[in-house]
Amino acid sequence: MTTIRQRKVGKGTEAAEDQPSEETNVKPDGKIPSDPTGGKLWNILSVTIGGIVAISLGLLTSVYVATLHENDLWFSNIKEVEREISFRTECGLYYSYYKQMIQAASIQQGLHGLVYDNKTESVRTINILERMNVYQEVFLSILYRILPIQQYLEPVYFYIYTLFGLQAVYVIALYVTSWLLSGTWLSGLLAACWYITNRVDTTRVEFTIPLRENWALPFFAVQIAAITYLLRTHLQPVQERLTLMAVFVATFLFSLTWQFNQFMMLIQALALFILDCLDMLPTAKVTWLYIIQISGLLLVCVLQFFNSMILGSLLISFNVSVLIARTIQKNLKKGGLLNRLGKLILHVLLVLCLTLLINKFIKKILNLESDEHIFKFLKAKFGFGATRDFDANLYLCEEAFGLLPLNTFSRLSSTLLFYVYGFVLFLLTVAAVIVALRNLSSNQVKLKEKTEDYTVTLKPDAAYSLVHTVLFGCLALSTMRMKYLWTSHMCVFASFGLCSTEVWKLILKCLHLYTSQRTQVIKYSIPIITLLYISFKFWPGIMDELSELREFYDPDTVELMNWIKSNTPNTAVFAGSMQLLAGVKLCTGRTLTNHPHYEDKNLRERTKQIYQIYAKQSPGDVYGILRSFGTDYVILEDSICYERRHSRGCRLRDLLDVANGHIMDGLGENEPDLKPSLYPRFCEEIKKNLPSYTMHFTRVFQNKTFHVYKLAKHK
């Protein structure tokens, strides 16, 4: 069991950039510029200072998380095998392909080994580039091989420093998004500070470095920043084309680096669809964004050797359906309120039906079942019937896929983030409802002429940010693992609201206290006070955190990996838990029967069969299952066999018992149709060395955590 133990010791204000001022010829500081040249110089100076602050904060964040990682594990001092074990579960699997490419005789041979891989799944040859999102490992390994840095930097440091460097990109993108929304880089500074002080809830990069989301989320943040700029009014054609290119590149990189990209972009497409239907975004720009999503995903599909899961994604079906429905319903945005509401209802139903039909047709043609476990999980999670499906229950019982814990909000509130976020969210939601009703009630031509006369307005970029945060908030509330998509944008949204001229203008007008000067004073003073509060409250804690020194400590796993490397042939096939086998592949290079990348139906069925080692099965049946996958050695873990982490009904052995129709162990209720098993639990009974077990299995290694058995090779 991996543990961490205690280490043994031997400003001022600035102008609004790129954002039109509310008052003609009035700058954000409330002063009328004496001449245009002075105003331009002030803007250039402000943009320069804002840019320097953004880059500085990004680099500081990168150094901060890198230091935390070093302090937590003493990474520079531990052995290579310990470093590799610290890449837990699927993180180790992904890093193993980087290591494989580095150790290959040539780049061509390394790529061939990935395309024709027969060590990740025994008795099968699979295409790793098609099955998994590991192009980032391929690119990084090639870069390491061709750059003259081998003598100065170990491969593992090149890898982790790249990921920590991407955190700088992430923070800069959040900073820029908030800056674009509010018109002041003070907002970006506040967003970055909130991201850092809420690190526990905004990122987990320092202890899950190779995880796909740590590669993907920085590019997603860049994409959102580019979309925010794209939705501004009065862009020049050249600016618009360059921004669309930036959106495409960021979308492509996001899609290439994370297998769950299609689900995140589906939520983004829903946000665009809602706003387009309510006339809150320019239809032409929304259409381009739909096309960019489709083209980016299809390009990734080509690079992943026409991965069928991408072709059968709901995102492609939805975006195509929206474009078709628009063609059918050409007069969607004409008429009065009731007429338009009727058309919108029909439009939504048409898009929904087309999406389901197209998706079902594609999956039927491709015989696609790779993502069925996700829909089984969602069906069970939201109460559409209980399930005994092993895969669905495996997800349901994991804390990461449960509801967002309530203590998350107390942590976010301690930095004032959640309070400000709730305040801004309420105000902009009310404004959005008013604007949406006005849009649906008004003639489009007259609406454009009267926009300046309305008290309540909502710019397209702010409207998108609002719906984006609401939809991703719903996702985070329902699934804790996805909170990082919400909390990072929460920092952007809250800081934008606190520094927004429009928000404070609306509040002051409602209170009959509005003046341009008063708005500017509040717009800058409240964020500065908030920044001072955060600094004084959290700076000492950050310093204490950086001074706390611990070290990696997992002697049992280290002993297991060293034994495997020293006492088993390179061609040996190992069976065991998904999480442990990822480490076996990384540390020893041995062949696996199963692994944690779960997006394949055959692998899921194989994993359920392998896991019968923790179920109530006869030794002959377990032996037959293991040998059918070419297994030479099986690793049993006491932490799974005698699991206490989960409650009854969610322990792995319970999930297997229910799936097999057997009564669960321990006190408690069982469903009436479950029956007692004819055999004892395999992982417990094998340790008694009974003849019925020893004829098939011989124990060859044992420590406090692991038991390794060699399978007999019967004729």
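1. Let's start with Asp657, which is found in helix H31, residues 652–659. Please keep in mind that this is a predicted model. Asp657 is buried, with a relative accessible area of 0%. Leaving aside residues up to four places away in sequence, Asp657 touches Ala615, Lys616, His662, Ile663, Met664, Asp665 and Arg681.

2. Some of those neighbours come back when we turn to charge. A network of salt bridges links Asp657 with Lys616, Arg653, Asp665 and Arg681. The structure holds 31 salt bridges, and a few of them deserve a visit.

3. Asp72 and Arg550 form one of these, with their closest N and O atoms 2.7 Å apart. Asp72 lies in helix H1 (residues 36–73) and Arg550 in strand E2 (residues 550–553), so this pair ties together parts that are 478 residues apart in sequence. Arg550 counts as partly exposed, at 30% relative accessibility.

4. Glu545 and Arg199 also form a salt bridge, and here the closest N and O atoms are 2.2 Å apart. Because Glu545 sits in helix H25 (residues 516–547) and Arg199 in helix H9 (residues 199–202), the pair joins parts that are 346 residues apart in sequence. Glu545 is partly exposed, with a relative accessible area of 26%, whereas Arg199 is buried at 10%.

5. Another pair to look at is Glu121 and Arg124, whose side chains meet in a salt bridge at 2.9 Å, N to O. Glu121 counts as buried at 0% relative accessibility, while Arg124 is partly exposed at 25%.

6. Now for the wider layout. The domain assignment gives domain 1 (162–547) and domain 2 (555–711). Their centres, taken over C-alpha atoms, are separated by 42 Å. Domain 1 brings 15 residues to the contact and domain 2 brings 21.

7. How much area do domain 1 and domain 2 bury between them? The figure is about 1,600 Å², with 57% of it on carbon and sulfur atoms. On the domain 1 side, Arg388, Phe390 and Cys397 lose the most area to domain 2, together 46% of what that side buries.

8. Across this interface the rule finds two salt bridges, and two residue pairs are in polar contact. Helix H17 (372–381) and helix H18 (390–396) are the elements giving two or more residues to the side of domain 1 that touches domain 2. The largest share, five residues, comes from H18. That side divides into six nonpolar, four polar and five charged residues.

Methods:
Residues are numbered from 1 along each chain as its sequence is written. This is a predicted model: local features need pLDDT of at least 70, side-chain atom pairs count only at pLDDT 80 or more; totals for chains, interfaces and linings use all residues. Side-chain values use heavy atoms; hydrogens and water are left out. Domain bounds come from an automatic or database domain assignment. Contact means heavy atoms within 4.5 Å. Buried area is the accessible area (1.4 Å probe) that two parts lose on being put together, summed over both. A salt bridge is a side-chain nitrogen of Lys or Arg within 4 Å of a carboxyl oxygen of Asp or Glu. A polar contact is a pair of N or O atoms within 3.5 Å; within protein, one must be able to donate a hydrogen and the other to accept it, and residues adjacent in sequence count only if both atoms are side-chain atoms. Helices (H or I, at least four residues) and strands (E, at least two) are DSSP runs, numbered from the N terminus. Ala, Val, Leu, Ile, Met, Phe, Trp, Tyr, Cys and Pro count as nonpolar, Asp, Glu, Lys and Arg as charged, and the others, Gly among them, as polar. Buried means under 20% relative accessible area, exposed over 50%, partly exposed in between (1.4 Å probe, protein chains only).
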